[in-house]
Amino acid sequence: MPIAEGFPGQRLRVLSTPLKARALRTPVTSRLLLTDVGYFPRAAGHGRTRPRGATETIVIFCVRGDGWVESRGRRQVIGAGEAVIIPAGTPHAYGADLSDPWTIWWLHADGFDIAEFLRVLHPEAKDGLAQIRIRDVLAMVTLFENSLAAMERDETLASLYLASGATWQLLCQLTASQLQGPLARADRIRAAQDYLRTNLSRPVRPHELARAVNLSSSHFASLFRQATGTNVLDYVRGLRMARARELLLTTNDSVSLIASTVGYSDPFYFAREFRRVNGTPPTEFRKRAHQENA
């Protein structure tokens with residue numbers, strides 16, 4: 001039997017039916033409302049069948065592995081770096097590949113503006129599925145993260161607005177991917193750099209970055225060094241230390257908080273790394289800078 005949810009490490013948020021109804025009568029969220037959003041890692045056995053379709057438009061974005069989506073007798077394979085859009089009311093079924101189950105981000109969205117996005121994304125989408133090769137996988141992951149984080153915060157109108165804004169950006173990113181086509185190799189490295197710059201607090205896994213931009217680990221490492229003169233981990237260390245210096249100079253945040261902000265869970269390890277890179281501990285760096293600017 002296919003499994004709808006319940007995968008180790010999954011994240012999931014779904015609005016209640018009464019809240020959904022109120023939000024669809026409210027300015028802003030009536031135009032675009034994120035109703036359901038989630039992340040299913042290596043979702044073995046995952047699958048759903050909706051003979052009458054869903055009430056909302058569905059976006060499924062595969063970041064690893066493979067899966068499939070079927071509608072009106074036509075089955076499409078969805079692989080890493082691809083998204084599929086299932087318009088509201090479209091009969092469909094989908095599932096993870098048996099040997100290499102997909103890891104997916106997914107959402108359901110409603111509102112007046114969905115139809116406008118569908119018209120641009122795929123003129124025939126109302127009659128079937130729209131499959132899109134994502135131009136910037138890392139940016140898409142970030143937008144899904146932002147959408148889910150807003151929903152995880154609470155169910156206030158403010159959070160619904162934040163979720164709607166992130167979803168709007170996400171749909172625009174999908175549209176851009178459709179219009180611009182796949183990334184060139186140089187663009188993939190720039191996309192990886194952009195992702196690292198805007199996600200300093202997240203763990204860095206070079207092999208996952210390589211996979212996200214559709215390159216082998218060795219090829220990615222070579223291209224990254226050509227573009228930056230260094231490897232991924234040293235590049236990130238430089239970004240983190242630059243941001244840490246900025247925070248030490250411009251805020252009164254504690255060293256522990258700054259360490260966490262730039263991706264170090266252990267403030268003592270952060271202090272050692274800061275001293276190795278900058279020649280002085282973070283507290284001394286801040287003290288000297290204030291004295292010099294006094």
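The charged end of Arg-240 sits over the ring of Tyr-264, at 5.4 Å from the ring centre, where a charge counts as sitting over a ring if NZ of Lys or CZ of Arg is within 6 Å of the ring centre and within 35 degrees of the ring normal. In this predicted model, local features need pLDDT of at least 70 and side-chain atom pairs count only at pLDDT 80 or more, whereas totals for chains, interfaces and linings use all residues. Residues are numbered from 1 along each chain as its sequence is written, and side-chain values use heavy atoms, with hydrogens and water left out. Over the ring of Trp-68 lies the charged end of Arg-75, 3.7 Å from the centre of that ring.

Tyr-264 also belongs to a cluster linked by ring pairs, together with Tyr-269, Phe-270, Phe-274 and Phe-285. Rings of Phe, Tyr and Trp (its six-membered ring) pair if their centres lie within 6.5 Å, and planes under 30 degrees apart count as stacked, over 60 as edge-to-face and the rest as tilted. By this rule, the count is 13 aromatic pairs. Phe-7 and Phe-40 form a tilted pair, with 5.0 Å from centre to centre and 55 degrees between the planes. Because Phe-7 lies in the segment before strand 1 (11-14) and Phe-40 in strand 2 (residues 33-40), this pair ties together parts that are 33 residues apart in sequence; strands are DSSP runs of E with at least two residues, numbered from the N terminus. Phe-7 is buried, at 6% relative accessible area, and Phe-40 is likewise buried, at 2%, where buried means under 20% relative accessible area, exposed over 50% and partly exposed in between (1.4 Å probe, protein chains only).

Conventions. Helices (H or I, at least four residues) and strands (E, at least two) are DSSP runs, numbered from the N terminus.
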